[in-house]
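Subject: Handover of a structure

Hello,

I am passing this structure on to you. Please have a look at it first; my notes on what was found follow below.

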Amino acid sequence: MPTSDQIDTPRGPAGITTDLPTRPATALLVLGHGAGGSVDAPDLLAVSDASVAAGLAVVRVTQPYRVAGRRAPAPAGHLDEAWTAVLAVLRDRHADAPTVLVGGRSSGARVACRTARAVGAAGVVALAFPLHPPGRPERSRAAELATGLPTLVVNGDRDPFGTPEPTQGVQVVSRPGETHDLRRDPAGTATVVRDWLRAQGWAAD
């Protein structure tokens with residue numbers, strides 16, 4: 001069963017939901033939510049369940065602005081600052097995990113990418129990465145994916161925020177019939193993530 005608590009950050013308390021495998025964790029995967037959403041989004045829950053079953057410890061992080069009851073996201077710098085503070089605590093809490101991975105959906109994926117190097121992550125899982133605002137392809141955020149770390153992007157082929165192109169180190173899987181919420185087949189999305197984690201050597205067979 002997941003456990004919940006909070007971690008203090010410079011931007012207020014962040015919510016923490018932790019799921020542990022029944023055996024020593026092969027890695028720690030930390031996931032963030034979308035801008036106006038929660039850590040209980042169907043794709044995040046499915047990925048968490050599949051990852052725990054494959055031997056990972058998974059922590060889903062609720063940003064301080066959502067803990068405070070606000071839906072409008074905090075500025076990017078505030079999100080990154082809170083996330084970095086949470087990761088510092090989680091690395092100590094899960095010191096036995098040999099590898100730290102970060103990720104999330106939409107805004108959470110962007111935060112994970114922007115801070116991946118700073119928090120010492122080994123890889124990134126980006127769900128519904130919002131390549132650009134709807135209808136504004138000229139405002140590309142593709143540069144945020146250039147972390148130099150192994151990265152998996154899972155987007156719907158009908159996502160109005162667009163889908164990035166694969167580049168060196170960045171694998172992109174386009175899910176047919178899915179939009180930005182990735183709600184049509186969460187289990188299928190989770191299978192894609194689990195298989196990638198296994199291919200990287202971060203999950204048990």
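Which residues does UniProt list for "domain: KANL3/Tex30 alpha/beta hydrolase-like"? The UniProt record, an unreviewed entry, gives residues 26–171 for it. Please keep in mind that the model is predicted.

Helix α4 and its surroundings

I begin with helix α4, which covers residues 107–115. Of its 9 residues, 7 are buried, so the helix is largely enclosed by the rest of the structure. The buried ones are Ser107, Gly108, Ala109, Val111, Ala112, Cys113 and Thr115. The cover over these buried residues includes β3 (28–32), α3, β5 and β6 (123–127).

One part of that cover, helix α3 (residues 76–93), can be described as a helix pair with α4. Two packed helices are described by the angle between their axes and the distance between the axes. Here the axes of α3 and α4 come within 10 Å and cross at roughly 70 degrees. Because angles of 65 to 115 degrees count as roughly perpendicular, α3 is roughly perpendicular to α4. The crossing of these two helices is right-handed. On the α3 side the contact is made by Ala76, Leu79, Asp80, Trp83 and Thr84, and on the α4 side by Ser107, Val111, Ala112, Arg114 and Thr115. Sorted by class, the contact of α3 with α4 has 5 nonpolar, 3 polar and 2 charged residues.

Ser107 belongs to helix α4 and takes part in the contact with α3. With a relative accessible area of 16%, Ser107 is buried, because the cut-off for buried is under 20%. Leaving aside residues up to four places away in sequence, Ser107 touches His33, Gly34, Ala35 and Leu79. Leu79 is also one of the α3 residues in the helix contact.

Ser106 sits in the loop between β5 (100–105) and α4. Ser106 is buried as well, at a relative accessible area of 10%. For context, most residues other than glycine have a negative phi.

Leu31 in strand β3

Strand β3 is among the elements that cover α4, and Leu31 lies in this strand. Leu31 counts as buried, at 0% relative accessibility. Not counting residues up to four places away in sequence, its contacts are Leu44, Val47, Val58, Val59, Arg60, Val61, Trp83, Gly103 and Gly104. Of these, Trp83 also belongs to the α3 side of the contact with α4. Leu31 and Ser48 are 17 residues apart along the chain, and their C-alpha atoms are separated by 8.5 Å.

Helices α1 and α5

The other helix pair in these notes is α1 (residues 42–53) with α5. Helix α5 covers residues 186–199. How do the axes of α1 and α5 cross? They come within 8 Å and cross at roughly 45 degrees, which means that α1 is oblique to α5. This crossing is right-handed. Pro42, Asp43, Ala46, Val47, Ala50 and Ser51 of α1 meet Pro186, Ala187, Thr189, Ala190, Val193, Arg194 and Leu197 of α5. By class, that contact has 9 nonpolar, 2 polar and 2 charged residues.

Ala187 in α5 is exposed, at 51% relative accessibility. Ala187 and Asp43 are 144 residues apart in sequence, while their C-alpha atoms are 7.7 Å apart in space.

Two residues are worth a note in the loop between β8 (170–175) and α5. Leu182, in this loop, is buried with a relative accessible area of 0%. Leu182 also has a positive phi, about 50 degrees, although it is not a glycine. Asp185 lies in the loop between β8 and α5 too, but Asp185 is partly exposed, at 33% relative accessibility. Asp185 touches Arg175 and Glu178, not counting residues up to four places away in sequence. Between Asp185 and Arg175 there are 8.8 Å in space, C-alpha to C-alpha, and the two are 10 residues apart in sequence.

Regards

Notes
Residues are numbered from 1 along each chain as its sequence is written. This is a predicted model: local features need pLDDT of at least 70, side-chain atom pairs count only at pLDDT 80 or more; totals for chains, interfaces and linings use all residues. Side-chain values use heavy atoms; hydrogens and water are left out. Axes are lines fitted to C-alpha atoms, for helices over the stretch in contact, and angles run from 0 to 180 degrees between N-to-C directions. Helices (H or I, at least four residues) and strands (E, at least two) are DSSP runs, numbered from the N terminus. Angles under 35 degrees count as roughly parallel, over 145 as roughly antiparallel, 65 to 115 as roughly perpendicular and the rest as oblique. A crossing is left-handed if the near helix is turned anticlockwise from the far one by less than a right angle, and right-handed if clockwise. Contact means heavy atoms within 4.5 Å. Ala, Val, Leu, Ile, Met, Phe, Trp, Tyr, Cys and Pro count as nonpolar, Asp, Glu, Lys and Arg as charged, and the others, Gly among them, as polar. UniProt positions are given in the numbering used here, feature names are shortened, and annotations may be inferred rather than shown by experiment. Buried means under 20% relative accessible area, exposed over 50%, partly exposed in between (1.4 Å probe, protein chains only).
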